[in-house]
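Please keep the sequence and the 3D view at hand while reading.

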Amino acid sequence: MAGQTGEMRERVVALLAAQTDRGALWRELAELSRARGFAETANLWAPALYERDVAFFEPLLLKYLRSANEATIRALLPRCEAAGQAALFTGLYRKIADAASWNQDVLALAQSAPTDDALERALALREPGNDALALTEETALALYRRNPRRFSDYVRDHIHRGWRNQSTYPQLRAEARVRGDDTLYWALFRALADSDEWQTALGELLKDDVPAEAIAEELGRRHIE
């Protein structure tokens, strides 16, 4: 395997060094991609193609870079973001984002982005495109506390329970209630509450003197998903 990888690296280096036009280079790399060892040479061809003509080679980068090329992708992402290459950034980011790394990235941005506008743009670029990923409570709280009005929708849309995430976000829900943020509080309730909590909420509702015309709305708020 080491010998095959070494041979592939030599072929890729020679191809990149040749004065080959863009179309021919694309075809040669596409042919090489079928051979064993090509994926391990991504640190050679990916940055070279980016430098040569990123707009032309963007589809090739998106097609042939894999999750196994995380180091190479991570090296390209800051350059894509700085250059405003949103589609390339997001396409590459989704190849390597998992629950842990995505939450780490979002948490760091929530704590360090210079403005809310910058944070919003960065979050859009890092949209994971995977419904299985959910914000941790720590990350969700950091975003919500940064600007409750601006980021509550993002928090609501990126929280759910599943076999990978059993959290019910008690701190976040308590904070939303303390702030009087009924929209977020009840959205989280509907998404996260179990049957026992639902019954408790209905019992509390029955104790309140709720006007008859408001009962349907209050029940709807508490209708768990």
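## Where α2 meets α3

In this predicted model, the residues of α2 that meet α3 are Arg22, Gly23, Leu25, Trp26, Leu29 and Ala30, and their counterparts in α3 are Trp45, Leu49, Arg52, Asp53, Phe56, Phe57, Pro59, Leu60 and Tyr64. Sorted by class, this contact of α2 with α3 comprises eleven nonpolar residues, one polar residue and three charged residues.

## How α2 and α3 cross

Helix α2 spans residues 22-32 and helix α3 spans residues 42-64, and their axes come within 11 Å of each other while crossing at roughly 55 degrees. Because of that angle, α2 counts as oblique to α3, and the crossing in which α2 passes α3 is right-handed.

## The pair α10 and α11

A second pairing involves helix α10, made of residues 170-178, and helix α11, made of residues 182-192, which pack at an angle of about 150 degrees with their axes 8 Å apart. Since angles over 145 degrees count as roughly antiparallel, α10 is therefore described as roughly antiparallel to α11. The crossing in which α10 passes α11 is left-handed.

On the α10 side, the residues in contact are Leu172, Arg173, Ala176 and Arg177, and these meet Leu184, Tyr185, Trp186, Leu188, Phe189 and Leu192 in α11. By class, the contact of α10 with α11 holds eight nonpolar residues and two charged residues, with no polar residue.

Note on methods
Residues numbered from 1 in each chain as written. Predicted model: local features only at pLDDT ≥ 70, side-chain atom pairs only at ≥ 80, totals over all residues. Heavy atoms only, no water. Axes fitted to C-alpha atoms, helices over the stretch in contact; angles between N-to-C directions. Helix = DSSP H or I, 4+ residues; strand = E, 2+ residues; numbered from the N terminus. Parallel < 35°, antiparallel > 145°, perpendicular 65-115°, else oblique. Left-handed = near helix turned anticlockwise from the far one by under 90°. Contact = heavy atoms within 4.5 Å. Nonpolar A, V, L, I, M, F, W, Y, C, P; charged D, E, K, R; others polar.
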